[in-house]
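These are my notebook entries on one protein model, written down in the order in which I looked things up. The sequence and structure come first, and my notes follow.

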Amino acid sequence: MKTIISTLLLFSFLYAKPAKFDMAMVISGGVSLGAYEAGYNWALVKLLRHISARSKKVHPELKSLAGASAGSINALLSGVYWCQRDDVNLHNSVDDNLFYTIWTDIDINNLQIKGDSAENNTTLFTRAPLEQKAQDIIEHMQKPIYRKGCSIPLGVMVTKTHPIREKFNGINIKTQSFAIPMQLYTKGAQLHLKNSSLKVKYSATMQIPQLNSDIGKIKDILFASSAFPGAFTKVKLNYKYKGKSGSDYFIDGGVYNNIPLNLALAQNSSVNNFIFIDPDSRRYYKEQSQRCKSGNFKRLPQDPEPIISDSDELGFLGSNLLPLMRSTSVFRAMKLYETINSYFRNNPQRHLILSSRYHPITGYFIWNFGAFLDKNFRQYDYYVGVYDAIYKIASESIKRGFASTKDLSTEMDRFASKLKLQESKDAYTAYKMFKNSELCAQYPHDNSRFAAIYQAFNLKLPPKKLYSFSAFKLFIEQLNTESFDIAEDSFLAFAKLYPHSWYKKSAQEILDRVVLLENKKAHDKSKYVPIARALGFSAWVSSGILTPKEGLVFQPLLFPDTGDELNRFAYKMLPSEIAFDTVNGGLSLGYSLYWYNSTALFDGIETKLSLNTGRHIDNFLRLDIDPFVKKKSFTFGAGPSIFGNLQNRKFWNQNGAYGANIYADYNDIFRLTYVRRFGNIPNRDYFYFGIKNLSSLFYWLNR
């Protein structure tokens, strides 16, 4: 009898069906954070497909995909790789896949528009590098490599620039945030897309004509969803809304709904497991793995609880305007809160499976554009994402009883092996470093470029300050780039060469682009001329702060180098300063040569030759040689002066040939100078009010 029972139990175990695990994936946006999400998404999909095809305990099935902004691109790619056949490894290894190639190749140098552009009159960046990447996705979808019967709802968020207006019981209603629901499906071993409708009520959806017959339409949809305002141009889409055709421009879908959990739910209400991918979600150290050698690495600090101070309610800007400016992010948070409150809080069958991140990433620097600054940064962030996906799958497997071990490190190594990370030196080096840092408290100490990036973070800072502008300046200064392959014209090459002024070059190029666009608008519409002039004047005033100042420079020009050498030469021939003698009623025109070289005593030396003329003085030339020091926006200089007469006396006269001067500059724009001429001569004192860099003023007003 016992033998029969044992045989039946064994038979039932061998032929038991794996437990179904239907799931949806929700992917947030975040500009260059897409590199981190790309690594997470690739590893997550690859591992879930492996489990789905081989596990006898659980059978994951992807039932819904939703994304906004950069997340919309990663959502489509997740669907593509979910449907790709398991026996086809085409472009599906850790550093040879569409996630990797798209997100690691996007660089600030090939995105930023410097100067004028015939194709773009509104934004800072071009989409030219992304056009080929979009075509690569479409070509991959058209290869006959996909599983029969694979079909997944795919939804992306877009924001309409002009709201649709409707009336309800006499009340005017406007909406700008729309979902575009689609179906990604296999037909003839290729992937196709078609418009789809939602079975669950959703606030606002639209369909895209010709999508069913032209898969190329997905390019415009993704570009619209990721059109970050100011960075990328808005995209014109033809659409259908409530049966009516329309056409308008669309921008980043993450403006109002950056985490479209409600869309993922509306696409398939039967799903109970929602994988929520968000780089903002952090985890903290719990316990050290038993397999680790002892480590002494201080753990990353946790976010402190916010302290509400009465001083926050003082002043006009802090208590009134700043809360209003945060309204968009508050609206996005409310959308997420409403979804969780309505569909998850009182439904124990529904589960949010939240991604988590332990290690710092570069994508949060410079207002989420940091990873675009260098390919090494993007690769580092990508591998952090791969590591976090492995961590998540391993920890969930242990938690749900699917793993054969309780040791997290062992289970992570098993999944890392499934991804064949050991076949990629970079991927495996990064994985071991991240795992040893988190699970074993071992601070990275090898000579890899990923360790160099990790070591450059100031981990003593709380998370709220870890990605501040000042923290990034320190990050650049501390970054050891000996193991990096850096292009000569890259941001990082310039930043390491000029560690104290790296940000000025990029900021000035952005300012130049903005002034140019506004002047072009003023040329077409005269009513904008005052705005363009005011912006040009503001650019001139601020350009003194933004212009990099290094080495020996004759007649510094406070505007970007556009490559027109003849034009720059003409500007340099204009006087660098015009000054008015407030004591004698005279005028001074000056030309300057600077040597910028910071020492313990001063920051450089200015040599200036000026022509001085006036009604109550004899005309003369004056040569000033002034060491100077800089204190934030101010410059203070002093030194000897040599005088040469131009009328009534011989040019060189020992009596009155020498003197001294002292000056104070503000922003390299305005200067006050006191000059004392020695000798037995009349009018020995001069006090000048000067305006510097007039050539730069002409440039900015006529850009």
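**Entry 1: ground rules.** I am working with a predicted model, in which local features need pLDDT of at least 70 and side-chain atom pairs count only at pLDDT 80 or more, while totals for chains, interfaces and linings use all residues. Residues are numbered from 1 along each chain as its sequence is written, and side-chain values use heavy atoms, with hydrogens and water left out.

**Entry 2: the whole chain.** I looked up the overall extent and found that the C-alpha atoms fill a box of roughly 130 × 70 × 55 Å along the principal axes. The chain has 22 helices and 20 strands, which are DSSP runs numbered from the N terminus (helices are H or I with at least four residues, strands are E with at least two). An automatic or database domain assignment sets the domain bounds, and it gives domain 1 (23–285 + 320–431) and domain 2 (565–702). I noted 59 Å between the centres of these two domains, taken over C-alpha atoms. Of the 703 residues, 50% count as buried, where buried means under 20% relative accessible area, exposed means over 50%, and partly exposed lies in between (1.4 Å probe, protein chains only).

Entry 3: Which residues touch the most other members of the largest nonpolar core? I found Ile-390 and Phe-475, in a core of 136 residues, and helix 12 (residues 375–399) gives the largest share, 13 residues. Such a core is a set of buried Ala, Val, Leu, Ile, Met, Phe, Trp, Tyr and Cys residues joined through side-chain atoms within 4.5 Å. A second, separate core has 18 residues, among them Ala-68 and Tyr-202. Leaving out residues up to four places away in sequence, Ile-390 touches several residues, including Leu-47, Met-412 and Tyr-431; contact here means heavy atoms within 4.5 Å.

Entry 4: Beyond its neighbours within four places in sequence, its contacts include Leu-111, Phe-125 and Leu-130.

**Entry 5: salt bridges.** I counted a salt bridge when a side-chain nitrogen of Lys or Arg is within 4 Å of a carboxyl oxygen of Asp or Glu, and by this rule there are 24. Glu-131 pairs with Lys-219, the closest N and O atoms being 3.1 Å apart. Because Glu-131 lies in helix 6 (residues 128–141) and Lys-219 in helix 7, this pair ties together parts that are 88 residues apart in sequence. Lys-692 pairs with Asp-665 at 2.9 Å between the closest N and O atoms, and I noted that Lys-692 is buried at 4% relative accessibility, as is Asp-665 at 2%. The side chains of Asp-685 and Arg-676 also meet in a salt bridge (2.8 Å, N to O), but here Asp-685 is partly exposed at 28% and Arg-676 is partly exposed at 27%.

**Entry 6: a nonpolar patch outside.** Finally, I found a nonpolar patch on the surface made of Phe-580, Val-583, Ile-662, Leu-672, Tyr-674, Phe-687 and Phe-689, with about 620 Å² of accessible area together. Strand 19 (670–677) and strand 20 (685–692) each give two or more residues to the patch. Leu-672 is found in strand 19 and is partly exposed, with a relative accessible area of 41%.

Methods:
Patches are made of residues with over 30% relative accessible area and no salt bridge: like charges are joined within 9 Å, nonpolar side chains (Val, Leu, Ile, Met, Phe, Trp, Tyr) within 5 Å. Accessible areas come from the Shrake-Rupley method with a 1.4 Å probe; for residues, only the protein chains shown count as cover.
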